[in-house]
Every structure is written in C-alpha cells, then in structure tokens.
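Have a go at each task before you read its solution.

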Amino acid sequence: MNRRRLPALGTLAAAVAAAVTGGCSSYQSYQESRVTLTEQWFGAPQAVALARLAPVGGSRVEGSVGFYQYGAFVVVRANFLGLAANRDYGLHVHEGRNCADIGGHFNPRGTPHGRFDQDARHAGDLPNVRAEGEASTMYAFQAGALTVTEGRNSVIGRTIVLSRDPDDYRTQPDGASGPPLACGFIRPG
Ligand SMILES: [Zn+2]
C-alpha cells in the first residue's frame, strides 16, 4: 500500500489553504488551485497516461483525460466537448479493459462506492464534471487511490467513462450516474 506521505505535504497543504482563502469560490477552482500547486511543487510528472473518449450510445460527447503521477498523487485533467451547460456528469475509471465491456468502477481494494475524498470509495471514483458551457474542463486531485506507475492500482489498461447523470457519491454500486456518454481506453502517455 502506498500510504507514505512526502515531507513537502504540510507546506503544500498550507499553500493550498492560502490559495483557497485567497478568493477561490467554486469547488472546481479549488481543485484547479490544488492541481496547479502540485504541478509547481513537484515539477515534471513521473508517469503519464492518456485516454481519448469517444461517444457512446448515440451521444455526441467526446473528450480527453490525462493522468499525471506526482509522487504519491495522481492529477487527473479532463476536457470534454458536447456537454449541456450547468449540469454535472459522473466520471469514473472502470475495471473493464475495453469500451465494449466497461464492467464496474475500478475497485482493487474491494470497497463500497463513495465520495472521491472519503476512505470508503472505489479507486476509480472521481469528482463529477461540471459543464459550464460547450467545453468543460475538470481538475481533480487524488491521494494514493490511483497510480499511473505499475501496480494493482494502476489506471493503465483500464477504461474511463463519463456518465449521463451526476454521481450522488452514495448509491451502490455506481452513484446512480446512469448510462455512459463517452468512453476511452487508458494507455501510457
Ligand atoms: Zn464507484
């Protein structure tokens, strides 16, 4: 298990707190601040994985997702086209190794579905994507649940799926996030 904490974390947490109290209002901008600080702090990522998401089931939604490993953290950056404005969409890494058979949420620890920042969650549980217009960008910050580097928590070879409805972060086994709108295979970047 990768539970160790890097020495820089305390300082990083303080910097994040300063950024948040410094005027970031929305959850998404809060996430963006964390991601930016992580990138500045750690420099180049140690490993990268990328997925291009194609429309599923007659949707017109497509996008791309990048996974960037920084020490014990993986930053997830996503961009989507074709989303309806002012709606939330579920985003999850799935167990399946191709988009014809996505399986359940990626769950190497055998834990219940849950909110991405709680202990009881699938490794593949990510924050909802908030669409603010034609194009949407989502920033997330993961601590230890996923890796890009090799191991049982690695996203390489899995699938990433954007769903029609928001994840309520409670309902088993998928947060009631509805059918897929777009799917992509995650490959080394
Ligand atoms: Zn889940």
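Pro173 sits in the loop between strand 8 and strand 9, where strands are DSSP runs of E with at least two residues, numbered from the N terminus. Residues are numbered from 1 along each chain as its sequence is written. The model is predicted: local features need pLDDT of at least 70, side-chain atom pairs count only at pLDDT 80 or more, and totals for chains, interfaces and linings use all residues.

**Exercise 1. Strand 8 and its partners**

Work out how many residues of strand 8 are buried, and how many bridges join strand 8 to strand 9.

Step 1. Take the two faces in turn. Thr159, Val161 and Ser163 are buried on one side, and Ile160 and Leu162 are buried on the other.

Step 2. Five of the five residues of strand 8 are therefore buried, so strand 8 is largely enclosed by the rest of the structure.

Step 3. Look for pairing, which requires at least two bridges found by DSSP between two strands. Strand 5 and strand 8 run antiparallel and are joined by four bridges. Strand 8 and strand 9 also run antiparallel, with five bridges.

Step 4. Follow Thr159 both ways: it is the bridge partner of His94, and its own partner in strand 9 is Phe185.

**Exercise 2. The core**

Which residues touch the most other members of the largest nonpolar core?

Step 1. Learn the term: a nonpolar core is a set of buried Ala, Val, Leu, Ile, Met, Phe, Trp, Tyr and Cys residues joined through C-beta atoms within 7 Å.

Step 2. The largest such core has 37 residues, and Val74 and Leu162 touch the most other members. Among the elements giving two or more residues to this core are strand 1 (47-55), strand 2 (62-70) and strand 3 (73-81). Strand 3 supplies the largest share, six residues.

**Exercise 3. A hairpin and a loop residue**

Count the bridges between strand 2 and strand 3, then decide whether Asn86 is buried or exposed.

Step 1. Nine bridges join the antiparallel strands 2 and 3. Val65 stands opposite Ala78 in strand 3.

Step 2. This hairpin has two residues between its strands, and Gly71 takes a positive phi near 55° there.

Step 3. Asn86 belongs to the loop between strand 3 and strand 4 (87-89). Asn86 is not a glycine, yet its phi is positive, near 60°. It counts as exposed because it has 9 C-beta neighbours inside 10 Å.

Key:
A residue is buried if 20 or more other C-beta atoms lie within 10 Å of its own, exposed if 12 or fewer, and partly exposed in between; C-beta atoms are placed from the backbone.
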